[in-house]
Amino acid sequence: MSGDRIAGAVIGLAVGDAAGWPAARHRAALHAPWSRRLHRELDAFAEEHRVTTLPVPFALNQPTAPLAVGPSDDAEWLAWTLLTMGTPRAGAFRALVGRDDIRARVSVATALDNLARGVEPPASGHDNPHHFDDAAAVRAVAYGLRGAAPDEDAQVTNAGDGLLGARAVAAAVAEAVATGSAAKAVSAALAVLPEDTAIGHNARLALAAARAAGDPFGAVPALDAALLDHVYSYGVGAALTVPAALALTEVSGGELGRAVPAAACLAALADSAPALTGALTGACGGYGAIPEGWITPARTLAGCCLPELAGKDLIELLKGLS
Amino acid sequence: MTYRDRARGCLLGLAAGDALGAPAENLTPEEIRHRWGRLTEIEGGGTDDTEYAIFAAGLLAEHGHGLTSALVAAAYRERVIPAVTGPMRGAGFSELGTVQALRRGLEPPLTGLVHQHGWSDGLAMRAAPYGVFCPGDPAEAARLVTEDGRVSQSGEGILGGRAVAAAVAAAMAGADPSDAVEAALSAVPADSWTARNIVRARAALGAADPAVALHEAVVVRHYPWTDLAPEAVALALAAYLHGEGDVERSVTFGVSLGRDADTIGAIAGAVAGASQGERGVPERWAARIGPVTGRCLPVVAGRDIRDVADDLATAHATASTRATRPGRAGENPAGSGPPGGTTTESAGTPGSAALPRPAGSAGAAGRPPAGPGGSADAAGGGTAGPDAGDERMEGL
């Protein structure tokens, strides 16, 4: 695959993925398990001793490279999708069943369990406690690049808002790749998000909040107040991350360098909202608009979720795709 | 057996199952065996299951077949939210998520859609009163519980409530356990997680070790929270079948499964209690069930589950003598639209005296007013030790 906006979407996603704080926690998965156990113990230490000095991912006797800024789960699952999207989706996921060396979202892990017990799509994505998360929305970037529907892929792991999020991202990426217009990309996404769904309601709410603020960074508190309920224990719901990405894409006029930092400031959504924002704005502005300094660290995958992708270069990967 | 007897059996069974299962919540079956052998004796009080069921019963007694999502949302705004001045004790994600959505000014069904725990068993745990109110009419029980559910749940969370309400409605009319479970299945689409889990759980009962087979059949492995309606409802109905409708056998087997053990016990106890009546609930259990404290829902403090059952029975008798009630032409299992037919029954029907009024207006409750700025005590307190939220964490 070639084209400045196509490469912009993929590298843009990797940049956003790398910019969010959870990336280092995902990448620390490359360290020995005891290293992460020590991290949990330091968290408990801070609680017990009432010290506000909180642990960060660290390397005790471990290589430091995984903790350098770089992409993690979202970039790897997008790369996996780009590499496997030629095969029927249930089969592509079934090939992962039984592997004990991969890491994935709750929706994907549960879908693999469902496939193992004979629950096929769409039930594999529906009978799923995280059917609403944005795992499929991240993979949908690959479908948007080709102007294809993400449904067959999305339904393996998601349903409801999770499926709608995938459709919205695919539609927005396709429009951005075709026109470069952030406004048109967001309109294309809204067109597939019914107003009476949580994701459709939230998308319009987020856009109104961002428009009122008039600036991506300025919109952060308004998005937090309007969008986040801060009740649930995980921040990867498509009804939250996709609207945040759409709103920041529009209010930034499609400028990755303004939109992604703001997304990374939505701490609860920082695992994937920056990545989705990076994909949309990267598609709008193209590869050439991505800040030079981010490209080198973002283009190489770590293999923290799919070990076979360790060291994979995203630009080379795209060149190898027809 | 009289209708009133079954009503008491159902709600006493719910309260007993809730109280019996509470200490087993989030434990594994192995941990439960290790600690108790078979958990058969109630150790402490009930939890949110009983108090929310009392709240739902009060809404039914007040509004009867005319209950709507808008009336339920209004009740949350008037009687629940003012007391949530600090921690919302005993609340799961769906309850506080709903409160947050209502505070933002949203209306049903968005209030149940925008938070991310729509499929929790928060409706299933309080669904039994709808079955009590609609004996022999599982479809109407399911329609009414959907009105409640659209405020706080979505999707499978609503379906779980429909399944429980329908099973109780059938059991209230004397259906045997297998027919009551069929009634549950008739109230949800065959192409749903809830239906698939009920069918899978039923099939697992034939295994050499049903508890292990049930876990393999319906328990989600890669998720830390256990209050999934499709899972809890399937396990509870399987326990009811396994116990052949006997309250003690159904409930003790249900809570032995761990996971959301108090809700599993509450649902199994409610359906079995509807089958067996008040005498079906072991006396030593009934003796432990007194007025609720209002720890989770201050507005119901002081209510005794027996009085709630009697009020519900009275409300049913009153409603039965009335000529009209909403038609069910627009029956919608997904709960995404308003019921069809004409709602001729207005708010404020006879029976409203049974409703738990805001603290301060209900003599029985004897609680101080719990308006905005109310005392920490009325809000359940925040420093008196771990609340149910903490208890949920212990099994993780």
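Modeller: Buried area is the accessible area, taken with a 1.4 Å probe, that two parts lose on being put together, summed over both. For chain A and chain B that comes to about 2300 Å², with 56% of it on carbon and sulfur atoms.

Colleague: Where do these numbers come from?

Modeller: This is a predicted model, where local features need pLDDT of at least 70 and side-chain atom pairs count only at pLDDT 80 or more, while totals for chains, interfaces and linings use all residues. Residues are numbered from 1 along each chain as its sequence is written, chains are lettered from A and ligands numbered from 1 in written order, and side-chain values use heavy atoms, leaving out hydrogens and water.

Colleague: How many residues of chain A and chain B are in contact?

Modeller: Contact means heavy atoms within 4.5 Å, and by that rule 31 residues of chain A touch 29 of chain B.

Colleague: What makes Asp127(A) and Arg196(B) a salt bridge?

Modeller: The rule asks for a side-chain nitrogen of Lys or Arg within 4 Å of a carboxyl oxygen of Asp or Glu. Here the closest N and O atoms are 2.6 Å apart, so the pair passes. Between chain A and chain B the count is 2.

Colleague: Why are Trp77(A) and Trp80(A) called edge-to-face?

Modeller: Rings of Phe, Tyr and Trp (its six-membered ring) pair if their centres lie within 6.5 Å; planes under 30 degrees apart are stacked, over 60 edge-to-face and the rest tilted. There are 8 such pairs over all chains. Trp77(A) and Trp80(A) sit 5.3 Å centre to centre with 70 degrees between the planes, so edge-to-face it is.

Colleague: Are those two tryptophans, Trp77(A) and Trp80(A), buried or exposed?

Modeller: Buried means under 20% relative accessible area, exposed over 50%, and partly exposed in between (1.4 Å probe, protein chains only). Both Trp77(A) and Trp80(A) are buried.

Colleague: How do you know that Asp215(A) and Arg258(A) form a salt bridge?

Modeller: Their side chains come to 3.2 Å, N to O, and the limit has already been given. Asp215(A) and Arg258(A) are 43 residues apart, so the pair links distant parts of the chain.

Colleague: What makes Asp215(A) partly exposed?

Modeller: Its relative accessibility is 29%, so Asp215(A) falls in the middle class. Arg258(A), with 32%, is partly exposed too.

Technical notes. Helices (H or I, at least four residues) and strands (E, at least two) are DSSP runs, numbered from the N terminus.
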